[in-house]
Structure formats: C-alpha cells, structure tokens
Amino acid sequence: MASVTDLEALLRPPAMEMPPYPPKAITLASGEEMIVRQASREEMPILLKAIYPLLLVERDYYDIVAARLYSELLAYKRYRVKDEYVLVGLIDGVLAGLVNGRLVDAKVGMSYHTLTIRRGLRVGSHLFAAKMEYHIEHCGQDEVLIVAESPIGFRRWMIEYPLDKKHEVQHELGGVPSWVLTRKTYLDAKPRLVSGRRPVPAEKLAGAAVIRLPGEDTVRLQVTGEKGGKA
Amino acid sequence: MRPVYVIGAGMTRFGRSEWPLVDLAAAASLAALHHADLGKIPVNAVVVANMGAGRINRQTAIASALVDRLSLWPAAAEAVENGPASGASAVKVGYQAIASGMADVVLVTGVEMMRAVDGLEATDFVASLSHPEAEYIYGVTLPSLAGLFARLFMERYGVERRHLALVAIKNHDNAMKNPYAHIHQPVTMEGILTSPEAVVNNPPVAEPLHMFDCCPVSDGAAALVLASQDIAAKLGAPRVLVAGIGQATDTHAVHERQDPTDLKAVRLASAAAFDRAGLKPSDIDVAELHDAFTILEIAESEAAGFFKVGQAHKAVERGETKLTGKLPINPSGGLKAKGHPVGATGVAQLVELAWQLRGEAGERQIAKAKTAYACNFGGFGNNVVATVLRKEER
C-alpha cells in the first residue's frame, strides 16, 4: 500500500536542476534602486498576499494576470508545476513587481506572467528583461515561448523586442498561439532593453532579503492610477 | 471694454478618471463656483473647452449638458474646440462676453477624457489636428513633429538632451507639490539620462525626444469663474485681473514656415497680450507654458520674450526657471507632469496662475507673485493663445 508520502511524490512533477538567478541592481528613472532577485518557494505566501487585491481590478487586464499568476504561484508553493521560477523587483525592500516562468525542457523556456505594482518607471520592462536573461544567459536555453494577455504586454514584448511568431505552438496560457524570443532576438535587444549591475553589494542584498508589501490601497492606486475622478 | 476678473478657480486631479465626461466637467465647475462663492448671483453663460469628446467619448454639445448637470439654466452655453488651445480660447470667449457687456458672470470649463481610449488612438486623435494632406496622411503625430522641431532647434542653439532632462526633472519636482498633478513621481538625471539603465528607463519616442520628454495622456477638468468689475467688487473677491489676451495663428503645415524653429504665433500672441496688459515679459513673476514636450518649454520661453533666442536652455541650467528662480516656469508641474487633458489644459494653466496670484498655491507658492503669463499652444504652434493675469491691490 502506498503511503501519503508516496502518493505526494506521484502528484509532483519531476524537477530539473535549475541555476540560481544572480541578483542585480537597477537604477530607475526616479533614481531609486531596484534589486531584482529570485524569490524562494517559502516566499510565495507573501507574494500571493500582494496579488490578491488585484484579482478584481479589470483595468489593463490586471484581473486575468493576477488570477493566473495567483494560481501559478500557488502551484509553485504546492509543487504542482514543473520547473517554475519567480523573480521579484524590490525598491527599499518593497515589492515593485514580479515575473515568473518555467522551463519546458533544457532548451525551451516558457514565460508566464509579468505584473507591475509600481507603474510608470518601466519596472515591468526591466523585470521581463530579467526573465529573458535568466532563460537565455543563465539557463542556456535557445528560446522562450511568450504570449501577451493585454495590449500593453503585446506592445512591450511582441513589438518592442520584437518577437517572432511560433503560432503552431499553443502556449500554456489558454492555448493562445505562441510567440518566441530566440537567443538572437535576445542578444540583439539586450543593449537597449537589458540592464543592471552585478554583483549587488551585501548590504543592499540584505535590504532586499525580506519582501515587504505596499498597502492594499497603495497597490490599487498605483495599479489603476484612478485619481482623476476625485475633485 | 469692461475689465474682467477671475473670481473662482478649481480643477479635478488629472490622471485617469472613472467618472463620465460631464461629471468630470461638473466636478471642476463646482469647485470653481464654490471658490467664487457667488451666492444668488446667476451665472449668465457657460463656455466649455473640449477637443475630442465627439470622437473618443461619443458625446457632443457638452456645454448644454454641463448647464443641465449644474442646474444653471437658462445660462447661455457653448463649446469651443480649438485643438490643444481650446482652453484658453474658451477663456477668451468668456472674457469677451463680459468685456462687451453681454454677461456679468461666465463659467469657463475645460474637460477631456483621453484615457477612454488606448494610447495609440489618443495619439491618433490628437494628430488629426495636423495638416490632412501634407502631414496626417503620412503618419505625422505630435511627438514626431516635436522630434523634428527639437532636432533642428537643438542643433541651431546648442541645446543638449541634458537641458531637456533638466526641464523634466524640474516639472516632475513641481508636480510633487501639486495634489492635482497626474504624475507624482520625481525623476533624476541619473535615472533618465546618465546611468546605463537610462537606455531602458527612458526609451526614444521621436528622437531626440524620449519618454520623459513627453507629457502623459490624461483625463481631467479645470474651471474658472470670470466676472465683471461690479460683481467682483460686490463679492469682495481677491482681484485677479485678466490683464491681456493675445492670439495668433501660423501656417497649418509646419514645413511651410520660413523658419520652423521660430514660434511666430507664440511671439505675436504674447506681444499682443503684453501690450494689452501694459506689461513687459520682464514684469512677469510666474509663467505656465505649454510643455507638451520639454523642448517646447525652452522654445516658448524665448518666443514669449522671457529670454533671448538661444538662451533659455542656459537659464534652465542656471536654475532660473525653478520655483525659487528668477522666473518660475510651470510651478504646477506643467503638461509634462501635471498632465495634459488637451481641452482642459489652457484653463488649468490659468487656474494655477489664479491660485498663485491669490496666494493659494500651497507648497509651490511663488512668493509675492503679482503678475502671471500663460501660453496655450494649439496645433503645432499654428494657433496660440497667450494670457496675462495681474493681481490688483485693493
């Protein structure tokens, strides 16, 4: 008879060896410094808490991005997704945005989501670039499958890089025809889209060791920018 | 002509509004009417400035709708569409009504809801002001015209990207002190120009203009209550006189101008406004300029006569246009950071200046400001309204 532990092992996808993402520091337009680092499985609860208020924000497709990202982070926490990783951007230790994805196999990656909390500073652009950097430069993959759920995402990824069509492949995010970032596309785009400094000094890393969240109202205001309607 | 006074000023926060268009206009109007404290004195006319509601919000006849929303019947109502200069044009219409004796009290409200559509459509809607056969059909947008203008202006006068960045940094700093501003986010020279990351932080929009050289796309409304001398005196309102208004036009297509870097309409409109006010540019204590692009603040400040041609960027470098400088420009944050709901902008500039002259501008108050100037720049400089306000001592 199989034990609970044996059954759990059957429910979990097999895991590949994944290299760590080396943290980097990025100076933003505001002059603030954002530390980009990998988030551990143990940090998923606080990230889930950060995303929760956005589940009902329709503006700019935050609801669908937040809902899917919530399930992906939960699946990562509970070992129900194969070879996922999560990167976070922290300004003074406060969460500014996060990205995630997974490795399909040794050579192909799949981008999941990019969610920006602190808008207007190209945080999402920096974090998406960090994600591509992880797949191509650190995992040594040849390509990353990508889709966009919002027009903003389409402009940022498909047009700005620009990505190639790989529409014969259905992306895991709803079976939408995939686009692909190849190693060449990445290297061509790198000078204008990928930035950051390494190594990050120990004291700065220490300041980003614990993820802190902005208040829920702050998150909603930063995400929706809904202030023009108030006299 | 009878003298005309600003007796009330109000606006909504600029940014992204969830309110319907007319509610947004009503909010600013109510703020201005509350500020004016008219009591039982009737509003005789309502003039609404708007550029694109018929196209992007599917709403026309906004002035009639606003009168109804505010229960101001039977006030006369009309809308003014004059591109990005709609706001100051509407103020001019209100001014003329009072100066001519047709009205004693006029509410002028500017409103625009540009975030109802995505950025590309908003850019296209504004681009529809360009010459239809010579510009628009070739894909010309306002950022592209500004990019062409900036390249020539910078080459001719030695303006560098860091000068443009200094304008952006100043205006973002000012907006931090303005609760009504769209963008409450300071930017730094390192962040937008000199750090390696600046390439990503501040991508090109229309070279040499980058993202932080361009104003945001905003929703918002602003309103002024104008009144005759008798009404202003009866209410005991602080005496902010509309001392002079000037307006001038230039060729529709920019390439037809003898010198595309010469903002002739700004020059002529400003000269007319100063002449009517009996003032000189050097008499002005504070100015609001139409910095839809950072280069325009520099170029307009020269065309208006505040600096010699080719010298404004040096004044920016010396800090003369900061809140603490000799001539503070765009204390509100300007279009660059306060935001640019096109139809509301010209009114909002004068709201800021009225507050400045009344000593009500809070943290961004310019000490002892008695005279003020605004430039509302329509088209790409082909229709400009300049306004001079003066505080009268009792």
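**View 1. H126(A) sits buried in this predicted model.** H126(A) has a relative accessible area of 1%, where buried means under 20%, exposed over 50% and partly exposed in between (1.4 Å probe, protein chains only). Its place is in helix α4 of chain A, residues 123-138; helices (H or I, at least four residues) and strands (E, at least two) are DSSP runs, numbered from the N terminus. Beyond its neighbours within four places in sequence, H126(A) is in contact (heavy atoms within 4.5 Å) with residues including I26(A), M34(A), E197(B) and N201(B). V194(A) is 68 residues away along the chain, with 6.8 Å between the two C-alpha atoms.

**View 2. Here is an open sheet of nine strands in chain B.** The order reads β3-β2-β4-β7-β1-β8-β11-β10-β9, with mixed pairing; two strands pair if DSSP finds at least two bridges between them. At the edges, β3 (76-80) and β9 (286-288) each pair on one side only.

**View 3. Zoom in on β8 and β11 of chain B, which run antiparallel.** Ten bridges, written 10 in the count, join residues 239-249 to residues 383-392.

**View 4. Now for C214(B), a buried cysteine.** Its relative accessible area is 12%. The closest cysteine sulfur, in C215(B), is 7.2 Å away, so it is too far for a bond.

**Notes.** Residues are numbered from 1 along each chain as its sequence is written, and chains are lettered from A and ligands numbered from 1 in the order written. Local features need pLDDT of at least 70, side-chain atom pairs count only at pLDDT 80 or more, totals for chains, interfaces and linings use all residues, and side-chain values use heavy atoms, leaving out hydrogens and water.

Terms used
A disulfide is a pair of cysteine sulfur atoms within 2.5 Å.
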